[in-house]
Amino acid sequence: HRAGWSRKASDHFTFLFSELLKGGGVGANYSSEYLEPIVQATNRGEVGFKCRADHPDSAEMEQWLLRPLPNNAIEFIVEDSREGWIEAVRFLIDKLTDDSGDNVIFDVSLVRPRGARLVTMGGTASGPSPLLDAMAQTYDILSTSTLTPLTAMDIDHALSSCVVAGGTRRSARMSILYWSDPYIFDFIDCKRDHSKHWTTNISVEIDDGFLRALRNPLMTKHAHAKKVFNTVTEMMLLNGEPGFYNSSLSSVGEEGDVRSTNPCGEIPLEAAHIDDPSNTAGGESCNLGHVN
């Protein structure tokens, strides 16, 4: 799928999380123009986590359970299901982007322990720890910084890292950023540290304007385009990424916004317009045949 953006931050993150938990892959374009209309985090309320003392995974959850529990907090009980995990993440992000200032405690006592059998999906459960890690990272990011291309990617990486299917880590993503975006060089460099963003492929979105600027030294953006090209090439030689995604060529014969692809880049995928009232950040799904 392509995960688009709506004005509600949680729509993007929960759509991505949902599709990954079902074993699918997700692509997204993180360019700043998509993020500008989104309601930013304003709630500096505190978040805590708790679990019953006799839960088999209590010891491995210690680093999150030892966080001080906030006072006067709303308690959210996380259900032991895929939907339960998604709704917990939605509630967390929604609370961080409203004006309430509410404190929240998430109770994961109902989540089955690591190694328990999964009937519907097969394999074994991961236990609550990966979810607590993802939620704690999401809270730490949104409570201390604004939503930028890189912080949005950080949250998606945290959610992707906790996806476990059949006892094996499995997530496939594509992250794309426009070549003249203010964050482009941070994006190109984001996988220099191999411990970060390993759940996603990354590609720089180029277009006809990029190619004209790159080839014409008299154009205003020539120096920038050349620096982007050279920096991408340097990183390609270092670890194989980023790639280039030519959205001008990909848009030939398309009517909508196809500035993103599936995780491996074979197919351009549309997303709903961010100002569409019915948009909940869902996007087009990949299929094996594509007819224009």
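Q: In which loop is N72 found?
A: The model is predicted: local features need pLDDT of at least 70, side-chain atom pairs count only at pLDDT 80 or more, and totals for chains, interfaces and linings use all residues. Residues are numbered from 1 along each chain as its sequence is written, and side-chain values use heavy atoms, with hydrogens and water left out. Helices (H or I, at least four residues) and strands (E, at least two) are DSSP runs, numbered from the N terminus. N72 sits in the loop between α3 and β3 (73-77).

Q: Is N72 buried or exposed?
A: Buried means under 20% relative accessible area, exposed over 50%, partly exposed in between (1.4 Å probe, protein chains only). N72 is not a glycine, yet its phi is positive, about 50°. Its relative accessibility is 79%, so N72 counts as exposed.

Q: Why does H197 count as buried?
A: H197 also has a positive phi, near 55°, in a residue other than glycine. Its place is in the loop between α7 (184-188) and β8 (201-206). H197 counts as buried because its relative accessibility is 3%.

Q: Which residues does a cis peptide bond join?
A: The loop between α9 (222-239) and β9 (243-246) holds P242. The omega there is about 5°. The cis bond joins E241 and P242.

Q: What is the relative accessible area of A59?
A: A59 lies in the loop between β2 (47-50) and α3 (62-65). Its C-alpha atom is separated by 33 Å from that of D11, 48 residues apart along the chain. A59 is exposed, with a relative accessible area of 66%.

Q: With which residues is S250 in contact, leaving aside its neighbours within four places in sequence?
A: S250 lies in helix α10 (residues 247-250). It counts as buried, at 18% relative accessibility. Contact means heavy atoms within 4.5 Å. With those sequence neighbours left aside, the partners of S250 are Y245, V258 and P268.

Q: How far apart are the C-alpha atoms of S250 and K196?
A: Along the chain, S250 and K196 are 54 residues apart.

Q: Which residues does V78 contact, leaving aside its neighbours within four places in sequence?
A: V78 is one of the core residues that touch the most other members. Beyond those sequence neighbours, V78 is in contact with G84, W85, A88, F106, D107, V108, L110, V111 and L131.

Q: What is the radius of gyration of the protein?
A: The protein has 10 helices and nine strands. The globule rule gives 19 Å for 292 residues, and the protein comes close to that, so it is as compact as a globular protein of that length. Taken over C-alpha atoms, against a rule of 2.2 Å times the number of residues to the power 0.38, its radius of gyration is 20 Å.

Q: What share of the contacts with a separation of 6 or more comes from residues 24 or more positions apart?
A: Buried residues make up 50% of the 292 residues. Among contacts with a separation of 6 or more, residues 24 or more positions apart account for 71%.

Note on methods. A nonpolar core is a set of buried Ala, Val, Leu, Ile, Met, Phe, Trp, Tyr and Cys residues joined through side-chain atoms within 4.5 Å.
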